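Hi there,

Here is the structure I promised to pass on. Please have a look at it, and then read on for what turned up.

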Amino acid sequence: LEEALHGRSLVIASNRGPIAFEKDAGGGFVARRGAGGLVTALSHIMSYTPGRWVASAMTAADREMVGTGMGRQDVDLGDMRLGIRYLAFDRRRFDAYYNGISNGVLWFLQHSLWNPARGPRFDRSTREAWAAYHEVNQGFAETIAEEIAEAGAPAMLHDYHLMLVAGYLRKFSPDAFIYHFTHSPWTTPEGMRMLPGRMAQELLEGMLSNDLLGFQTSRWSQNFMWCCQNLLGARIDMESGVVAHQSQETVVRHYPISIDAEAVKKIAHSPEGEEHLEWLRRVVGDRKLILRVDRLELSKNILRGFRAYEEFLKSSPEWLGKVIHVALLYPSRRALSEYRSYEADVLDMHDRINADLGTDDWQPVVLVNEDNYTRALACLRRYDVLLVNPIIDGMNLVSKEGPAVNEVDGVVVLSRNAGSWQELAHGVIGVNPYDIAEMSEALEEALTMDAESKAARARALREVVEHNNPTKWVWHQLRDIRRLN
Ligand code: F6P
């Protein structure tokens, strides 16, 4: 990373920052580092540079801390120091930007989650929320402009919350090098045409104000380029990955994010992990285990996953009582009514399947609804089948964490719409996430696969996952930033 940074600093911006603050009993602020590969990888870079991470104040304690003038500080995390700058926006404006547009419109758009006969409903409130999205993105740009001026650094922006930042930042810092990475998928031109007013054009033009754009896979970067051609009339060169629009040229690349296999194994084998694994052993007994680990999120396709399991049990009754489906889910975005009703439907279907098919000594589905990363990683050590069937997913890290820690040559059933499909296809059973019958057959195929094929697939997946890590992911991006800057 030091080599890729070449003595330069870096300013990172994302809606959710790497640290969440909490208040302790004495009224002091306690910093907690977020979990997951992205925060780990990017925090790691920050320990090599005097750069800064700009983000929204998300928790009440974050906001309070900003209110006391501590929004810009260096946080000592024991193993590293991290320069942060947190922004507290007006509460209503932030809600409109975060829940109204980012989660309520852009997330649904990029994951093709609308059912056009019934939704979305774009009305006056959407226009107001869109204005708030502009304002928050402008607020980010103003702060980033200050930080890059001070640090003499390029800006690295993250995700669908900040798609207009580059357009504003260009005005404040015309010579800045601006890079944006999208973690979610990118939709098709037909998807973007659903957006009201000039929203689609403004989003695309905002994105094209960057010098470099990164996506998880070529599938999403190509969609983005097609959108630019179709909706803006931009000139695109798919081969070399360049979009030319008005006087601006933007380079488009893909950088598949990965996991740190060693770090993930360490958590899975920690004393707390061992306790969770013991819990799982008691739950599973001598049955086969079909596991899923997901945020309780519409794009994860949990309902069709349950239906596929039910169909499998009904069509292959010899498996009744001999297999168990453990769903480790964790709550998400309960501020949105779509998420609350999806969660209720998932819990309801779990109850119904257990009532229909369960017996006195067998519960077909065991559902845990709790955010517990250590439990998830520990349980991944033991799956016979890992079901990862998102409707669509930018990457999907569970499909990489599973093969990294699994110890029993478990088989992965993977949606062809997960970004990770491009890297893992040769070692998984691929499924169409809309096809319940195909997913049900895939579960049976996975459960009955011979030991040699299972071992060969598990080995193939491990090789892919261990070959990469978050530091390499960041390194490739920094190398391109350096080449183009
Ligand atoms: O984990 C993937 C992701 O969907 C990212 O694409 C996104 O930045 C993040 O989650 C947003 O989650 P939240 O709304 O909880 O901050």
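**Helix α3 and what follows it**

Just after α3, G69 takes a positive phi of about 85°. Before going further, please keep in mind that this is a predicted model, in which local features need pLDDT of at least 70, side-chain atom pairs count only at pLDDT 80 or more, and totals for chains, interfaces and linings use all residues. Residues are numbered from 1 along each chain as its sequence is written, and side-chain values use heavy atoms, with hydrogens and water left out.

Helices (H or I, at least four residues) and strands (E, at least two) are DSSP runs, numbered from the N terminus. In helix α3 (residues 60–67), the buried residues are A61, D62 and M65; buried means under 20% relative accessible area, exposed over 50% and partly exposed in between, with a 1.4 Å probe and protein chains only. They sit on the same side of α3 because they cover an arc of only 105° around the axis, taken from the directions from the helix axis to the C-beta atoms. A60 and G67 are exposed on the face turned away from that buried side. The buried residues of α3 pack against β2 (19–23), β3 (29–33), β4 (52–56), β5 (72–76) and β6 (81–87), where contact means heavy atoms within 4.5 Å.

**Aromatic pairs**

The structure holds 15 aromatic pairs. Rings of Phe, Tyr and Trp (its six-membered ring) pair if their centres lie within 6.5 Å; planes under 30 degrees apart count as stacked, over 60 as edge-to-face and the rest as tilted. One of the pairs is Y179 with Y255, edge-to-face at 6.3 Å centre to centre and 90° between the planes. Y179 belongs to strand β8 (residues 178–181) and Y255 to the loop between β12 (248–254) and α10 (261–268), so this pair ties together parts 76 residues apart in sequence. Both Y179 and Y255 are buried.

F181 and W473 also make an edge-to-face pair, because their ring centres are 5.1 Å apart and their planes are at 85°. This pair links strand β8, which holds F181, to helix α19, which holds W473, across 292 residues. F181 is buried with a relative accessible area of 0%, and W473 is buried with 2%. Elsewhere, ring pairs link F94, Y97, Y98, W130 and Y133 into a cluster.

**Cavities**

How many cavities of 30 Å³ or more does a search of the whole structure find? There are 2. On a 1 Å grid over the protein atoms alone, a cavity is a set of points where a 1.4 Å probe fits but cannot get out, and lining residues have an atom within 4 Å of a point. Grid points are joined across faces, edges and corners, and a volume is the space filled by probe spheres set on the points.

The largest cavity holds about 80 Å³ of space. Its lining is made up of A4, L5, R8, S9, L10, P154, L478, I481, R482 and N485. Two or more of these residues come from each of α1 (2–5) and α19 (470–484), and α19 gives the largest share, 3 residues.

The second largest cavity holds about 40 Å³. Y383, P403, N406, D409, G410, V412, A458, L461 and R462 line this cavity, with the largest share, 3 residues, coming from helix α18 (residues 451–467).

Best wishes

Terms used:
On a 1 Å grid over the protein atoms alone, a cavity is a set of points where a 1.4 Å probe fits but cannot get out, and a pocket is an open set with protein on both sides within 12 Å along at least five of seven lines; lining residues have an atom within 4 Å of a point.
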